[in-house]
Amino acid sequence: MNDLPPAPPRCLVTGATGYIGGRLVPELLARGHPVRCLVRDPGRLRDQPWRARVETAVGDVTRPATLTGAFDGVDVAYYLVHSLGTGPSFEATDREAAHAFGAAAAAAGVSRIVYLGGLVPDGVDESGLSPHLRSRAEVGRILRASGVPTADLRAAVIIGSGSASFEMLRHLTERLPAMVTPRWVATRIQPIAVRDVLRYLAGAALLPPSVNRTFDIGGPDVLTYREMMRRYARIAGLRRRVILPVPVLTPGLSSHWVGLVTPVPGSIARPLVESLRHEVVCGEHDLARWVPDPPEGLTGFDRAVALALRRIKDADVATRWSSASLPGAPSDPLPTDPDWAGGSLYQDLRERTVAAAPADVWRVIEGIGGDNGWYSFPLAWALRGLLDRLAGGVGLRRGRRDPARLRVGDSLDFWRVEEIEPGRLLRLRAEMRLPGLAWLELSVTPDGDHGTRYRQRALFHPHGLAGHAYWWSVAPFHSVVFGRMARNVTERARRAG
């Protein structure tokens with residue numbers, strides 16, 4: 001009798017709504033692994049093409065009581081979450097979450113944890129690391145001490161369409177043909193293509209039980225950031241960039257500079273910049289013993305950039321750095337929930353009937369934001385985006401994942417898609433810095449045989465006196481911004497029909 005091959009281990013993936021997790025899930029499914037996703041809001045997975053092929057467990061690593069049952073029957077648990085950007089206490093939050101995750105995995109008899117952390121500079125004491133890298137290293141140490149064998153994979157800059165590191169590199173290079181730069185542009189870095197990160201993560205699920213250690217993972221090239229920008233420019237067909245490093249730009253100033261020039265907000269740019277203060281080059285390549293390099297070799301920097309640019313050109317970006325909700329993003333109930341009854345909920349309502357088919361109006365609605373803009377007073381939207389970035393918010397530069405299609409969870413400039421009913425309803429939740437919670441809701445309904453009723457609602461739930469003051473200070477501009485928006489949406493739909 002022939003022995004049957006062992007069944008692929010069942011995997012639990014945290015961070016499935018994020019950049020790496022959202023790409024790892026289909027990679028694991030393609031290898032035959034049963035997959036369960038641990039998410040705070042299962043609705044965020046609703047429009048993922050692989051949603052019907054995975055199990056979903058509702059839980060939050062920062063709330064240990066919610067993890068009960070999530071690990072039942074799980075063989076391999078992927079830890080792909082962090083609390084970066086939640087404020088000065090993010091290291092404590094990460095520490096507590098890692099302890100809770102490790103304890104829950106050990107109690108359930110999980111046979112392996114796989115964690116993606118940051119590459120730690122050789123010869124640098126942990127106290128000298130940036131808070132971001134220090135926390136990543138501590139989380140890995142906690143998981144390795146949990147009693148569950150842990151593969152702690154450490155990467156530096158990840159190159160792939162939509163990654164925060166790639167978007168920072170891309171926009172700095174494309175928007176500044178000549179630039180005065182911080183001295184960290186001379187730091188040597190070993191970048192890695194996202195496809196190789198995913199291959200290592202998936203392969204780590206099959207490591208033997210005796211393996212409980214860190215692994216450095218990187219691509220075949222070691223480059224300075226200056227060299228990365230110049231090579232990006234060549235691959236993208238841009239003129240050679242003039243780069244003049246100066247010693248006076250601190251990581252804090254650099255993060256503000258990056259935040260103003262690129263779509264990456266300062267809260268995310270700062271840890272990326274701080275991580276570049278020290279040389280980040282792999283000290284070993286031991287993981288290849290169990291996860292061999294592909295026959296064609298690891299993906300070089302030039303090819304990784306070319307692949308990423310092709311994905312962007314073809315609008316085939318599966319996940320972006322902004323796929324995950326911003327740390328600390330509100331999860332309050334929708335304004336339609338009964339709990340809102342009796343509370344303050346300001347509303348700006350616009351309705352118009354247009355001589356166009358509902359499908360024509362819907363195409364205009366679903367194409368909103370990004371390069372298409374917001375159909376009204378571009379200067380006002382640009383100014384609001386700039387003010388948000390100056391306040392440490394995301395601004396308008398996140399754009400869209402896809403130029404024509406939206407799905408639940410997509411970031412859309414300084415909004416996030418909270419609900420979408422194709423052909424009928426789009427609800428966006430604001431992620432700009434506000435003294436309250438805000439939504440923008442656009443909907444269409446048939447009106448007679450040849451018309452459509454367009455309905456547009458801006459909703460705001462103020463927090464304290466500042467919230468009320470904010471609403472009334474901007475209310476005079478609503479007739480210009482939201483009124484013109486309703487007119488332009490319906491007019492564009494009428495012309496398209």
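This briefing looks at charged side chains and the partners they meet. The model is predicted, and it holds 30 salt bridges. Side chains of opposite charge can pair when their charged atoms come close.

**A buried arginine in a loop**
- Arg 398 sits in the loop that runs between α11 (378-390) and β15 (411-412).
- With a relative accessible area of 1%, Arg 398 is buried.
- Its side chain has a polar atom 2.7 Å from the backbone oxygen of Asp 413, and the side chain of Arg 398 also reaches the backbone oxygen of Trp 415 at 3.1 Å.

- Glu 91 and Arg 134 form a salt bridge, with N to O at 3.1 Å.
- Glu 91 belongs to helix α2 (residues 90-107) and Arg 134 to helix α3 (residues 131-144), so the pair ties together parts that are 43 residues apart in sequence.
- Glu 91 is buried at 16% relative accessibility, whereas Arg 134 is partly exposed at 23%.

**A pair within one helix**
- Arg 363 and Asp 360 meet in a salt bridge at 2.2 Å, N to O.
- Both lie in helix α10 (residues 358-366), three residues apart, which means about one helical turn separates them.
- Arg 363 is exposed at 52% relative accessibility, while Asp 360 is buried at 12%.

- In the salt bridge of Glu 441 with Arg 457, the closest N and O atoms are 3.0 Å apart.
- Glu 441 is in strand β18 (residues 436-447) and Arg 457 in strand β19 (residues 451-462), 16 residues apart.
- Glu 441 and Arg 457 are both buried.

Note on methods
Residues are numbered from 1 along each chain as its sequence is written. This is a predicted model: local features need pLDDT of at least 70, side-chain atom pairs count only at pLDDT 80 or more; totals for chains, interfaces and linings use all residues. Side-chain values use heavy atoms; hydrogens and water are left out. Helices (H or I, at least four residues) and strands (E, at least two) are DSSP runs, numbered from the N terminus. Buried means under 20% relative accessible area, exposed over 50%, partly exposed in between (1.4 Å probe, protein chains only). A polar contact is a pair of N or O atoms within 3.5 Å; within protein, one must be able to donate a hydrogen and the other to accept it, and residues adjacent in sequence count only if both atoms are side-chain atoms. A salt bridge is a side-chain nitrogen of Lys or Arg within 4 Å of a carboxyl oxygen of Asp or Glu.
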